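Here are my notes on the model you asked about. They are set out as numbered points, each on one topic.

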Amino acid sequence: MPFQSFNPPRRILMGPGPSDVYPQVLAAQARPTIGHLDPLFVGMMDELKALLQYAFQTTNPMTLALSAPGSAGMEACFVNLVEPGEKVIVCRNGVFGARMLENVKRIGAEAVVVDSPWGRAVEPGKVQEAIKAHPDAKVLAFVHAETSTGALTDAAALCAMAEEAGLLTIVDAVTSLGGVPVKVDEWGIDAIYSGSQKCLSCVPGLSPVSFGPRAVEKLKSRKSPVQSWFLDQSLVMGYWQGDGKRSYHHTAPVNALYGLHEALLQLHHEGLEASWARHWAMHERLAEGLEAIGLEFVVPKEERLPQLNTIHIPAGVDDGAVRAALLNDYNLEIGAGLGDLAGKAWRIGLMGYGARRENIALCLAALKDVLGR
Ligand SMILES: *Cc1c(COP(=O)(O)O)cnc(C)c1O
């Protein structure tokens with residue numbers, strides 16, 4: 001028999017995601033599969049929704065996990081809130097802002113692009129100018145934590161500008177959720193999406209999303225139907241709503257949701273503030289060690305994302321050979337550069353359960369050894 005069970009080694013995941021998964025999450029996913037309309041499962045989903053509301057810091061009833069990865073959460077926000085012909089201001093300072101732009105184009109909407117340099121936060125002044133120059137725009141979209149570069153954008157400031165001008169906001173919080181403050185209600189975010197595999201330290205494949213009252217209103221007053229049946233939130237919500245009203249939409253990924261429930265439970269046990277503080281403390285520890293071995297950050301200090309550390313590859317160093325040695329000799333994965341930074345930078349993730357002292361010690365020692373060869 002040439003085929004065998006697949007038994008992956010235990011790697012330490014310090015790249016841009018997936019991050020190290022909590023052992024409790026892997027254990028939860030191995031529990032018995034039950035029917036997705038089983039009352040016990042429905043009860044678990046209600047609790048999962050409350051845990052997501054905690055993570056997002058919102059009371060939005062339309063808060064749920066899509067049965068698809070973060071990119072589907074992005075697409076869900078765009079296809080539900082943007083209609084063909086409408087104008088959308090899209091901020092682009094890395095790969096994921098560019099992906100947002102692609103969504104806007106495919107809807108047949110008109111994009112106004114606000115470019116900021118790679119490795120920097122979105123510039124609020126430029127956004128304000130675009131809002132003034134395009135009073136007919138309907139939506140402002142931006143990436144809170146740009147994983148391709150490691151830059152953190154001031155989401156509260158951009159949302160305040162959008163609210164003042166009557167624009168809806170679409171915010172990418174795939175990497176920010178759980179790692180840095182994300183305050184949906186306080187900041188007035190209208191639509192937000194995240195991913196299970198970054199700072200939530202669950203397995204990949206689920207996308208937490210939340211839609212606020214203005215987004216729900218827009219959804220209800222659309223002139224055209226949402227072009228995606230699967231991502232149409234007015235249909236999905238019928239499935240997530242409690243009160244015995246649950247009806248079949250698609251078969252929920254039952255065991256994957258056990259895992260997300262467990263991951264959010266871990267976050268709740270630790271507490272959001274404690275988790276944010278831990279990510280900062282671990283970032284400072286890693287940064288100190290990296291700088292001590294002569295490695296330099298791409299992003300200026302005040303715009304850095306603690307959970308994603310992008311550093312310049314030193315001159316003359318073979319990018320692929322270093323990452324291969326880390327993986328083969330240390331079971332350690334770090335991320336390659338993406339887009340404009342391909343071949344020029346490494347991305348070291350400190351996400352969720354992965355943001356621990358022992359991982360940092362191993363990463364620094366391994367880098368020192370491999371770079372010294
Ligand atoms: C990872 C990531 C995504 C895409 O998530 P997938 O689960 O890979 O589809 C989107 N935006 C940002 C900022 C990300 O880091």
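Notes on the model

1. Q57 sits in the loop between α2 (39–56) and β2 (62–66). Helices (H or I, at least four residues) and strands (E, at least two) are DSSP runs, numbered from the N terminus. Q57 is not a glycine, yet its phi is positive, about 55°. With 29% relative accessibility, Q57 counts as partly exposed. The terms work as follows: buried means under 20% relative accessible area, exposed means over 50%, and partly exposed lies in between (1.4 Å probe, protein chains only).

2. Some background on the model itself. It is a predicted model, in which local features need pLDDT of at least 70 and side-chain atom pairs count only at pLDDT 80 or more, while totals for chains, interfaces and linings use all residues. Residues are numbered from 1 along each chain as its sequence is written, and side-chain values use heavy atoms, with hydrogens and water left out.

3. N331, a residue other than glycine, has a positive phi near 55°. N331 lies in the loop between α12 (319–330) and β12 (332–336), and at 27% relative accessibility it counts as partly exposed. Most residues other than glycine have a negative phi, and most peptide bonds are trans.

4. The peptide bond between G17 and P18 is cis, with omega about 5°. P18 belongs to the loop between β1 (12–14) and α1 (23–29).

5. How far apart should the ends of helix α3 be? Helix α3 covers residues 70–81, and at 1.5 Å a residue its 12 residues should span 16 Å. The expected span is 1.5 Å times one less than the number of residues. The end C-alpha atoms are 17 Å apart, which agrees. This helix is mostly covered, as 10 of its 12 residues are buried. Among the buried residues of α3 are M74, F78, V79 and L81.

6. G195 is in the loop between β9 (191–193) and β10 (207–211). Is G195 buried or exposed? Its relative accessibility is 0%, so G195 counts as buried. G195 and P208 are 13 residues apart along the chain, and their C-alpha atoms are separated by 6.1 Å.

7. Next come the salt bridges. Side chains of opposite charge can pair when their charged atoms come close. The rule used here asks for a side-chain nitrogen of Lys or Arg within 4 Å of a carboxyl oxygen of Asp or Glu. By this rule the count is 14 salt bridges. D20, R356 and E358 are linked in a network of them.

8. Two salt bridges can be read along a helix. R106 pairs with E102, and their closest N and O atoms are 3.0 Å apart. These two residues are 4 residues apart in helix α4 (residues 95–107), so about one helical turn separates them. R106 counts as exposed because its relative accessibility is 69%, whereas E102, at 34%, counts as partly exposed. In helix α12, D319 and R323 are also 4 residues apart, so about one helical turn lies between them. Their side chains meet in a salt bridge of 2.8 Å, N to O. D319 counts as buried at 14% relative accessibility, and R323 counts as partly exposed at 25%.

9. R278 forms a salt bridge with E270, and the closest N and O atoms are 2.7 Å apart. E270 has a relative accessible area of 29%, so E270 is partly exposed.

10. What makes up the negative surface patch? The patch is formed by E284, E288, E291 and E296. Patches are made of residues with over 30% relative accessible area and no salt bridge; like charges are joined within 9 Å, and nonpolar side chains (Val, Leu, Ile, Met, Phe, Trp, Tyr) within 5 Å. Lys and Arg count as positive and Asp and Glu as negative, with His and the chain ends not counted. The place of a charge is taken as NZ of Lys, CZ of Arg, CG of Asp or CD of Glu. E296 lies in the loop between α11 (272–292) and β11 (308–312), and at 55% relative accessibility it counts as exposed.

11. W229, F230 and L235 make a nonpolar surface patch of about 300 Å². Accessible areas come from the Shrake-Rupley method with a 1.4 Å probe; for residues, only the protein chains shown count as cover. L235 lies in helix α9 (residues 233–240) and counts as partly exposed at 36% relative accessibility.
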